[in-house]
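Please read it alongside the sequence and the coordinates.

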Amino acid sequence: MNNRRKPNPHTIKRVIKTLFSFYPVLFPITIAFILISSAAAAVPDIFIKKVIAIIEKWGETGNWSGAKTELVPAMITLVTIYVVALIMVYVYNQLMAVITQGFLAKMRQKMFDGMQNLPIRYFDTHKTGDIMSTYTNDIDTLRQLISQAIPSLLRAGAVVVCVFGVMLYYSIWMTLILLVGVLFMMFVSKKAGSGSAKYFIKQQKSLGRAEGFIQEMMNGQKIIKVFCHENQAEHEFDEINEKLRDDSSRAHAYANSLGPIIMNIGNVLYVIMAVMGGLFYLLGIRNIALSFNPVFSLAIAVTFLNMTKQFTGNLNQCSQQINAIVMALAGAERVFALMDELPETDDGYVTLVNAVIDDKGNITETDKRTGVWAWKHPHGDGTLTYTRLSGEVTLNGVDFEYEEGKPVLHDITLYAKTGQKVAFVGATGAGKTTITNLLNRFYDIADGKIRYDGININKIKKSDLRRSLGIVLQDTNLFTGTVMDNIRYGKLDATDEECINAAKLVGADDFITRLPSGYETVIANNGANISQGQRQLIAIARAAVADPPVMILDEATSSIDTRTEAIVQKGMDSLMKGRTVFVIAHRLSTVKNSDVIMVMEQGRIIERGNHEELIAKKGKYYQLYTGAFELE
Amino acid sequence: MIKRLLKSVREYKTPTIWTLILILMEAVIETFIPFITARLVNNIQAQVAIAEVIKTGVLLIIMAVLSLLCGGGAAFTSAHASAGFAKNLRHDMFQKIQTFDFENIDKFSSSSLVTRMTTDVTNVQMSFMMITRIALRSPLMLIFSIIMAYIMGGILASAFVIAIPVLGIGLFKIAQKAMPAFRRVFKKYDRMNESIEENVRAMRVVKGFSREEYEKEKFGVAAQDICTDFTKAERLVALNMPLMQLCVNFNSVFILYIGSKLVINRMGGIGIGQISAMLTYGMQILMSLMMLSMIYVMLTMSAESAKRISEVLEETPSLSEPNNPITSVADGSVEFKDVSFKYSKNAKLFALSDINLKIASGMTIGIIGGTGSSKSSLVQLIPRLYDTTEGSVLVGGKDVREYDIETLRNAVSMVLQKNLLFSGTIKENLKWGNENATDEEIKEACKIAAADEFVEQFPDKYETKIEQGGTNVSGGQRQRLCIARALLKKPKILILDDSTSAVDTKTDAKIRKGLKEYLPETTKIIIAQRVASVEDADMIIVMDNGRISETGTHQQLIESSEIYREIYEQQTSGGGSDE
């Protein structure tokens, strides 16, 4: 993350292109205004020179009214240029604010929209922290790039070019002297810049290390207290802290010194220019300039001093933006990388529709919510067939691997009839959760077939397939919002009453009504204000309100203690009634009453049968049941 | 608040002061430079001898070199001072957190403490550096420049009489208006990022319910809202540039026009050099104002961070050390006398009420009860992780509040429910229990805790590296190592708070047998979900709703306690392997 790669020139092109595509009119206007107003900034130097020439001319006679006739028109032109430039500055600054934020908003939206369509594999293989860093840090660097670096560069570039032109116009000698000075300045700043970059990277590393240590200690603070380990922890921290201080100090020292160095080289350059100008003037050296004016006047010398300041000042600005640009491009690359991730493919064409079934069992499609669902299956010959959704699931010889060469499931075959409860037991890594990942097509199988109501699930549109499967996971992710909102997530058009009924069904109503604001209690921070067990109950209610024919409960009641589970059990039983349910549980009491229990080991089903059968078998299940074996 | 933070500057006061001195010198020199330059220009114009011109030039170069030395020096001292200040802040916070009692720890979430110690400290460090470098420099430059402008320009300087207040007030007003707007939008921005994180974490739920479109729409609304607010705030700040430009432009027009009039009319003793210098001063003055407004913005922005840091530094632990602490614990007896307890003074409900309990030294006690029955709360009072609200807890016949805390906690070894191993080798982790433990002692403790058997299976044995959070050993193994760690303290009282939940029943029984054999003198208090884990205890305490519902042996409770019977039946019929 912190290593600085060389920015890809394509990235800058793409950022600019994207800017143009978002703002095909505003962005070019902004650029034009920046360039024109910056060029106008170079013009006053001509006027200063002119004014000084006028003073020189009339100063000897002291004729003010004579001077005025020349001075006033010059001043009027100057003021006009100033006013025009000012308006442009105002307009482009305002436009830039609009463009920057608009661009960021659109980028964010694009990233987020793209992310919603990414396959689960992406989220399983990328850390949340890294994804988040793209939304925060990387987008922030883009903000810096667009709102500051680009205008600065344009401005400084325009000024430098214009001033350079003006310089050549006045005196090529002086320009050459300045050029040598500027080259020296750039050389020095590059040296200091690379020093600071080196230590900034070190600083980032130490900071990361300190953060890791702090995180570990803060999480284990209670253990530190229990073991009276405070002093040792402090001691260890001091070492890491000192290293961070050292790197940080060096990084900033280099970065800080860049300013004074450039500024004072600028000052020396200024003196050199003054002395040279003075010498040229005093010695009456013949001037060579694009203006073909052979006289090197005092006015030219003075003007050059001002231009020196402008020239070096703007170069300084450019050099200070370089760091920001490098960082922004690295950020932009990650932003684009996220946007370029391939979305989840969906070739499914079988859809889920509301249906009406007449007495003869004929199924017809309807727009109304009937509570009866059917699979609409278009065939190659243009005909349509409807199959009633009943929740029968079969797996036939399913193999699967997350990573090539590391098979996770071998030859899994199972039949779940409508309304059956199928349980999976086994150690972590045995492949229980993987099966459910395949059912809702978070991942696609490598070999074999999964059929849902007789239809190959690869033919079913993913969103419709998932809609028909209720899923409750061990990590219950609730969203910021009220309890009611969270339950309603399962069925967006559910009435309050439906939500409450769902909660009642799963036995969650009891504790919810006892919360400070009942169903309107706001859950914040993924539900940190309620217990894990209560979160699981809300998640179960959320699945219940969706009323799906098939449910997957992956360790859904793991955090509810056995006593409460016994109370909830009734609700769970009524929830599972009439549905095909896949249950994954650690606790055997949860799965005991299943129609069939699959004992899994290393990606294979090693035993299957109901509780009594498995106990009688005296195999692995029996060992687990009697506690002779540790599940982990 | 600021004062509280500045206390942490300490040994970095010297470089801080040096920074200020160097910056002061730099500012003085820098204001003189245009003055000398003007002389140089005037020299040239007056056609004085070239030697004189060079003399002035050399003077200028010397000044530039001095300015470079001061500026460069300040660059180093300020970096040194601010990085040191940050180090001290982190150190002080860390030290402070080490003195926190459990109540303080509960108050701050660990992730918020991490942010406070990293991001917030970095913000303050940057501000500190900026302030020492610019905050002094800008007003100085401003004042010097104004003074010099008056000395040199005389009447010409009146240009600033208009420009300075216009720009100053304008910038201040803009900052004043923009700041709350930014603060609001940053809060919204944080919330949006939180909801993105929520979305990422809950991706399985989103996809499981096919809510992709819904999420996109929800996000779109939030993103648009933020965009609108952000744009508003940014547009306010975007007024800075044109305002600045306006003042600079006004200045140069004024100076050029009036200046030429004065020169030509030979009034005010002004030459061409002065005009040029006045233009430079004008720029400097207005730039300083711009910088000041930037500092103002930065200060208010980092004030939030400063506040969050001082919150930690000012937190006071509520546990107080006794004046004449007792430094030895007589035996492992425990007594609760009319104990009531709630987690904070403002809490409505008591976590524990009316607890009266006597445990003789060397007994094995089992505690059982449903979630929320305050089993953990009860035992946490013994090593004085919290103080009772009413009543007292006695260990070895003395009130726990009379002991030296370290003495007490060394005598009362507790394995927390949320136990953790730290990154480092297994041996290093175990040595938390006793720094001077020999390899034999470590091995013995592990044998009792049934950890030796699997540790010996690892290729590196006791030198095996544990990853952060102990993720590379299984839950059961982690629990056994944590028990071994607690045993190494050779405690008088050992508390296991649901510490064998991931251990299979056989191993669990083995550990209990080991404890009984090797630590007959030690009082053993075992909280468990499994009846099997407490069945053979000398006394079982059944907790319900923060009260002791009943005490007795397994047999007695099966007969008398409904709750106990219920748990027992549910578990024996439901299978032995619990969570």
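This is a predicted model: local features need pLDDT of at least 70, side-chain atom pairs count only at pLDDT 80 or more; totals for chains, interfaces and linings use all residues.

## Domain layout

For chain A the domain assignment lists domain 1 (1-170 + 322-344), domain 2 (172-286), domain 3 (351-388) and domain 4 (393-625).

## Overall form of chain A

Chain A contains 19 helices and 16 strands. Its radius of gyration is 37 Å, whereas the globule rule gives 26 Å for 632 residues, and because the value for chain A is well over that figure, the chain is more spread out than a compact globule. Along the principal axes, the C-alpha atoms of chain A fill a box of roughly 120 × 70 × 55 Å.

Of the 632 residues in chain A, 46% are buried. When contacts in chain A with a separation of 6 or more are considered, 75% of them are accounted for by residues 24 or more positions apart.

## The contact between the chains

Chain B contributes 126 residues to the contact and chain A contributes 130 residues. On the side of chain B that touches chain A, helix 3 (residues 50-99) of chain B gives the most, with 27 residues. By residue class, that side of chain B divides into 55 nonpolar, 49 polar and 22 charged residues.

## A mixed sheet in chain A

An open sheet of 6 strands in chain A runs in the order 10-13-14-7-15-16, and its pairing is mixed. Strand 10 and strand 16 (604-609) of chain A are the edge strands, each of them pairing on one side only. Averaged over the sheet and with direction ignored, neighbouring strands are turned by 20° against each other. Within this arrangement, strand 7 (residues 421-426) and strand 15 (residues 596-601) of chain A pair in the parallel sense over 5 bridges, and A:Val422 stands opposite A:Val596 of strand 15. Helix 15 (residues 532-546) of chain A packs on the sheet, where it touches strand 10 and strand 13 of chain A, and the direction of helix 15 makes about 175° with that of strand 10.

At the edge formed by strand 10, the pairing with strand 13 (residues 550-554) of chain A is parallel and extends over 4 bridges, with A:Val472 standing opposite A:Leu553 of strand 13. Along strand 10 (residues 469-472) of chain A, A:Leu469 and A:Ile471 point one way while A:Gly470 and A:Val472 point the other way, and all of these residues are buried.

## The setting of A:Thr394

A:Thr394 belongs to strand 5 (residues 393-403) of chain A. Is A:Thr394 buried, exposed or partly exposed? With 16 other C-beta atoms within 10 Å, A:Thr394 is partly exposed, because a residue needs 20 or more to be buried and 12 or fewer to be exposed.

Leaving aside residues up to four places away in sequence, A:Thr394 touches A:Tyr415 and A:Arg451. A:Ser21, by contrast, is 373 residues apart from A:Thr394 along the chain, and the C-alpha atoms of these two residues are separated by 49 Å.

Terms used: Residues are numbered from 1 along each chain as its sequence is written. Chains are lettered from A and ligands numbered from 1 in the order in which they are written. Helices (H or I, at least four residues) and strands (E, at least two) are DSSP runs, numbered from the N terminus. Two strands pair if DSSP finds at least two bridges between them. Two residues are in contact if their C-beta atoms, placed from the backbone, lie within 7 Å. Ala, Val, Leu, Ile, Met, Phe, Trp, Tyr, Cys and Pro count as nonpolar, Asp, Glu, Lys and Arg as charged, and the others, Gly among them, as polar. Domain bounds come from an automatic or database domain assignment. The radius of gyration is taken over C-alpha atoms; the globule rule is 2.2 Å times the number of residues to the power 0.38. Axes are lines fitted to C-alpha atoms, for helices over the stretch in contact, and angles run from 0 to 180 degrees between N-to-C directions.
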